Amino acid sequence: MIETSGVIEKEQGNGFYLVTLEQPEGHQCLCRAAGKLTKFRIKLLAGDKVLVEISPYDLTRGRITYRERNAGAGGGRPGGNRPGGGRRR
């Protein structure tokens with residue numbers, strides 16, 4: 001498998017995404033989300049930076065294996081994801 005990074009351009013429907021790869025420069029492939037991403041309901045949106053696995057036999061198809069976190073976004077609450085605060089009592 002060839003692993004490279006890319007950016008999601010748009011959602012094609014039926015679970016497919018059009019991804020523009022960084023290596024080789026500008027190459028586009030049609031990708032699906034890997035099973036772990038769908039299992040844990042990771043949202044994929046246009047503009048997200050992702051890691052893609054591509055088969056060496058068909059360079060037009062791939063599988064999205066990881067979505068990188070947004071470094072500039074200050075998301076979340078200071079107490080974590082629990083709605084009551086940071087610690088359990």
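**Cysteines and strand pairing**

Modeller: With a disulfide taken as a pair of cysteine sulfur atoms within 2.5 Å, the count comes to zero disulfides. This is a predicted model, in which local features need pLDDT of at least 70 and side-chain atom pairs count only at pLDDT 80 or more, while totals for chains, interfaces and linings use all residues. Residues are numbered from 1 along each chain as its sequence is written, and side-chain values use heavy atoms, with hydrogens and water left out.

Colleague: Is Cys-31 buried or exposed, and what is its relative accessible area?

Modeller: Buried means under 20% relative accessible area, exposed over 50%, and partly exposed in between (1.4 Å probe, protein chains only). Cys-29 counts as buried at 1% relative accessibility. Cys-31 is buried as well, and its relative accessible area is 0%.

Colleague: Which residue in β5 is the bridge partner of Cys-31?

Modeller: Two strands pair if DSSP finds at least two bridges between them; strands (E, at least two residues) and helices (H or I, at least four) are DSSP runs numbered from the N terminus. Strand β3 (residues 28–33) runs parallel to β5 (residues 61–67), with four bridges joining them. Within β5, the partner of Cys-31 is Gly-62.

Colleague: Which residue in the turn of the β2 and β3 hairpin has a positive phi?

Modeller: Strand β2 (residues 16–21) runs antiparallel to β3, and five bridges join the two. Thr-20 has Gln-28 in β3 as its bridge partner. Six residues lie between the strands of this hairpin, and the one in the turn with a positive phi, about 80°, is Gly-26.

Colleague: Which residue in β5 does Leu-51 stand opposite?

Modeller: Strand β4 (residues 49–54) is antiparallel to β5, with five bridges between them. In this pairing, Leu-51 stands opposite Tyr-66.

Colleague: In what order do the five strands close into a barrel?

Modeller: The chain has one helix and five strands, and along the sequence the pattern is β-β-β-α-β-β. The pairing in the barrel is mixed, and the five strands close in the order β1-β2-β3-β5-β4.
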